[in-house]
Amino acid sequence: MFDDIEGEVGGLFSEEDPALIAEDLVPNSSAAMLVREDTWAAGITGAVRRAGGELVAHERIPAAVVERAYEDAA
């Protein structure tokens, strides 16, 4: 069960997701899910708003893109 969440979660994860993942598992196997919150971002957003600014976009960079950038930089 999820704790109550203030604000919008944007449909990124729902209570149905673990069941959907379980459907794809081979019998007698297991899986792990990691869900994390970037709490540091709340501080930045708060500072922008206190300064009279407005957050107009929030983007996530796919892991594969980040990995490729690291490889290219090496």
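Q: How many helices and strands are there in the protein chain?
A: Helices (H or I, at least four residues) and strands (E, at least two) are DSSP runs, numbered from the N terminus. In this predicted model, the protein chain has three helices and zero strands. From the N terminus on, the order is α-α-α.

Q: What should be known about the model before reading it?
A: The model is predicted, so local features need pLDDT of at least 70 and side-chain atom pairs count only at pLDDT 80 or more, while totals for chains, interfaces and linings use all residues. Residues are numbered from 1 along each chain as its sequence is written, and side-chain values use heavy atoms, with hydrogens and water left out.

Q: What is the mean pLDDT of the protein chain?
A: pLDDT is the predictor's confidence in each residue, from 0 to 100. Where it is low, the predicted coordinates should not be read in detail. Here the mean is 78, and 82% of the residues reach 70 or more. Among the elements, helix 2 has the highest mean pLDDT (87) and helix 1 the lowest (84).

Q: Is Thr 45 buried or exposed?
A: Buried means under 20% relative accessible area, exposed over 50%, and partly exposed in between (1.4 Å probe, protein chains only). Thr 45 lies in helix 2 and counts as buried because its relative accessibility is 19%. Its C-alpha atom is separated by 6.9 Å from that of Leu 55, ten residues apart along the chain. Of the 74 residues of the protein chain, 3% count as buried.

Q: Which residues does Val 48 touch, not counting those up to four places away in sequence?
A: Contact means heavy atoms within 4.5 Å. By that criterion, Val 48 touches Gly 53 and Glu 54. Val 48 also lies in helix 2, and is partly exposed, with a relative accessible area of 35%.

Q: Where is Asn 28?
A: Asn 28 is in the loop between helix 1 (17-23) and helix 2. Although not a glycine, Asn 28 has a positive phi of about 65°. It is exposed, at 87% relative accessible area.

Q: Which residues form a nonpolar patch on the surface?
A: Like charges are joined within 9 Å, nonpolar side chains (Val, Leu, Ile, Met, Phe, Trp, Tyr) within 5 Å. Accessible areas come from the Shrake-Rupley method with a 1.4 Å probe; for residues, only the protein chains shown count as cover. Here Ile 61, Val 65, Val 66 and Tyr 70 form the patch, with about 410 Å² of accessible area together. Ile 61 is in the loop between helix 2 (40-50) and helix 3 (63-73).

Notes:
Patches are made of residues with over 30% relative accessible area and no salt bridge: like charges are joined within 9 Å, nonpolar side chains (Val, Leu, Ile, Met, Phe, Trp, Tyr) within 5 Å. A salt bridge is a side-chain nitrogen of Lys or Arg within 4 Å of a carboxyl oxygen of Asp or Glu.
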